[in-house]
Amino acid sequence: MRQIRFIAQKEIYHILRDVRSLVIIFVMPMLMTVLYGYAINMDIEHVPLAIVDQDQTAESRTLIERFYRSRYFFRAKAAPEYNDPEQVMRAAGAAAVLFIRPGFERAVQNKTDFELGLTIDGSETSQAAAVQGYASALLNEFLQDHLPPGTEVPGVRLSQQVLYNPDLQSSHFFVPGIVAIILLMISALLTSITIAREKETGTLEQLLTAPVTPIQLLIGKLLPYIGIAFIDGLLVIGFAKVLFAVPFVGSFWLLLVVELIYVTTALSIGILVSTGVATQQLAMQYALLLTMLPSVMLSGFIFAIKNMPVVLQMVSRIVPATYFLKVVRGIMLKGSGFEVLAAPAGFLLILQVVLLTIAVRRFRTRIG
Amino acid sequence: MWRPYIGVVRKELIQFLRDKNALRMLFVMPVIQLLLLGYAIQTDVKKLWLDVYDADRTELSRQLIAALQAGDYFVVTDRQVQSERTPVWQLDERFKRGEAEMALIIPPGFAEQLSTNHPAHVGWVADGTDANAARIGIGYAGQILRKFSSDVTGMRPFVEIRSEFLYNPEGESRNFMVPGIVATLLTMITLMLTAMAIVRERELGTLEQVLVTPVTSFTLLFGKLTMFVMAAMLIMGLSLTVGILWFRVPFVGSPILLVVLSLLYLMTTLGVGMFISTITATQQQAMFYAWFFSIFTMLTSGYFTPVANMPIWLQRITLLNPMRYFIEIIRGIMMKGAGVADLSHDILALAVFGIVIFTFSTLRLGKRLA
Amino acid sequence: MTDHAVDITDLTRKFGTFTAVDRLSLTVEKGEIFGFLGANGAGKTTVIRMLCGLLKPTSGTGHVAGFDVLRQYEQIKRTIGYMSQKFTLYRDLTGRENLDFYGHLYNLGNHALKDRIAELTERLSLGPFIDRLSGALPMGWRQRLALATAIIHRPTIVFLDEPTAGVDPVFRRLFWELLYELADEGTTIFVTTHYMDEAEYCERISIMHNGKLIELGAPHELVRKHQASNLEDMFIDLIRPQGAAVAAN
């Protein structure tokens, strides 16, 4: 027991003296939270739209105003009047061009059929789909306005309600995910560097000549990092609340428990990596590769898992971040309780046990 | 004059071909990443899990459900309605478990209201956790319901929008992402390679022996840079080949223009790599800085998410990000067949950045080496 | 202008407030084997680096191979060879590839370079090792390779910083035989060493201590002058009391 404490203390001492480690621990998580939180915004708004008004009537101007007043579109640079929508798009730097042919006002007043042309830049598919949807909705609103007040329009009427994130803030979706990513990264990175560093400088051999078992060594080394990961987790969550007003509806303690499991899993990955490589440099490369890439891409952090090919869906099942993400989002945004989260937490636990066992066994054989 | 240069280039080549790690990083990594990202990145919102609570159970309500089911947008699950009231608690649990993302509640009397030309209200609940999916899902629902309404009531809005999509006729989000991935790989790898290679020489002490010879630091530098440029072109060629042959990403514009502009862009990445090598002492530090810088650059370049979505202050910062311009260029050339005139703004920006950063870093590194 | 191989006057190098080399003056003749002795940290490596054009002197003047140390270091680099304490060739290149690389840096033409490499390989008996990765070579052979690299361009002066450190006695003897051959051909040898037997191989030696030159002359003459029993004792006597004297101040 005492040996473990000594080793842990030595590790903390090392960490505090290594400026690089300190930067990784404190500065990076906050920087990344800020970066990811602000930069990643999949909400499609403020799309540059060019409107070519060939009708030039009061009605057409009302329509134009409605479009630009909404937060979906803004006025693209004025383009000289071309007739070809593609040319207008290029000249105006717009993502879509709306053509209002002459006769619009007449059609609106006489309620006759009329077609507006909308040319959309299809390069970015989700933006294109959204633009189409917004335009359609805005036109609909415009037409509603022209009905006498109190008219009941036949047809299906939608009354919508959004749960858990009523303002539809993108950051609420991503920022909890950032917690997962950062925790993983830090844990894996730090442990892999640490153990690799000792191997590289040869101090590991020295350590083992002391009456310390490999297991005690491992636990002693890991303990400080668990603590650090916790602190970081809290830091990021606190930051998230302050900067992005992300809610925290559910149980804090439940999150901590699952966080513990998650962190140990990440640490196991770090250990595994460091037992497999000879230099710190390689340790870092592989740690990053094995943690960051799958966690960001395949865990559901940004991209929906169910839309991926089956092979990748299966891979995402063994990415720890996938489960932790469900838990952290569930607790922070939905207030999900134990019954609901037992499944992902359980999977995470299984992953952790497996990884930890392999890591410990490898560590023993490599070192002992 | 050129003999020392040739000597340096040859040495770099030999070392590079012998370095298994570098080779792996150069060839295997891009291919793996490209395949992974190409398949994983699907920004289209589809197959949303929709729970339908139909308390009406009439032919019209079933038709409505069928309309929602048609196409790829929703995956419908028909749920039993326990009571006449909206089963909020049922909903909540399904949402919490992640088994449903949207819910439609059709109250009794729906068909009657609709067929007598009254507005027929339905309730739509969305899980707002994924804000983007929620918003787009609601948009889809709106469109589908409007069409359904006009089909049933026979009343069409007299003004309609006819949409046409330019570029990317298959509507593959991959066509949009893959050029971005190529740009990303180029950036990250050249940055890391440059930073690390130079630091490594310093670390190992081999630089000392070289400096005893009459070779100038600039010859040394340019020899190394030649190597990096060759490696970069190789990466780009490889990733583009994978993208075009495997993913069938279109390439509409001029390859030569792309090569020329990539070389221009490389001035920036190599310059930054060199700069990093002047501020770090170990390879590990160099790699770390390079990696961190790459991430920052990537996130703010419009690769993942459009710049227009970012807060204004961040948008202004991205104006200083060379990768942002390069992404415009590579996407423009590949997807739209853009030419010099269309890209003039981006080309100018890249040129300015490239020349400034490259010159600055070269001079700085040259001084350090001497 | 001097006809000496090395001619320095009051050469000084400071690092901040620390004076590593304090007004060093000495001359070395062409074709001479000159030994440069001193304790660790005495300033020997700093002196060599200044003479090689790797470091700029803080003050003083000097000429190496007739070129000004302060202004003509480019020319100096072309005419001198250098072998450092550590192994500074590329470990992931073979001996031949290292030699080829440096040959290019010294601007040797293709044919001339090939011939020169063959010549050096034979002369230094590098044959069986020339195509092995230099990092895989045993110590003695590595040093020979480093020497070959240092003389690939036929320099008139060769600076060697503890070239035989960590090498076994047999190899050391062989190495010095090579140095003698080079000296016979007219190359000036400027060598640092810790080994007293090697110091005795030199025609003249100098002793540095705390940045200053404290003795200069032929080995046997110095031993006689200080009435010591051998070179080693003389060396220790010279270094130790000086240190004590400095500490007492």
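Okay, one definition before anything else: two residues are in contact if their C-beta atoms, placed from the backbone, lie within 7 Å. Keep in mind that what you see here is a predicted model.

So, which chains share the most contacts? There are two pairs of chains in contact, and of those it's A and B that share the most. Chains A and C, on the other hand, don't touch, and their nearest C-alpha atoms sit 17 Å apart.

Let's go into chain B.

Now pick out B:Leu50, in strand S1 of chain B, residues 48-54. Buried or exposed? B:Leu50 counts as buried, because it has 25 C-beta neighbours inside 10 Å, and the cut-off for buried is 20 or more. Leaving aside residues up to four places away in sequence, B:Leu50 touches several others, including B:Leu68, B:Phe74, B:Val76 and B:Met102. B:Phe292 is another story: it's 242 residues from B:Leu50 along the chain, and their C-alpha atoms are separated by 40 Å.

Last stop, chain A. Have a look at helix H9, residues 214-244. H9 of chain A has 31 residues and spans 44 Å from its first C-alpha to its last, close to the expected 45 Å. Where's the kink in H9(A)? At A:Leu222, about 25°, shortly before the proline A:Pro224. And just after H9(A), you'll find A:Ala245 with a positive phi of about 55°.

Methods. Residues are numbered from 1 along each chain as its sequence is written. Chains are lettered from A and ligands numbered from 1 in the order in which they are written. This is a predicted model: local features need pLDDT of at least 70, side-chain atom pairs count only at pLDDT 80 or more; totals for chains, interfaces and linings use all residues. Helices (H or I, at least four residues) and strands (E, at least two) are DSSP runs, numbered from the N terminus. A residue is buried if 20 or more other C-beta atoms lie within 10 Å of its own, exposed if 12 or fewer, and partly exposed in between; C-beta atoms are placed from the backbone. The expected span of a helix is 1.5 Å times one less than its number of residues. The bend at a residue is the angle between axes fitted to the seven residues ending there and the seven starting there.
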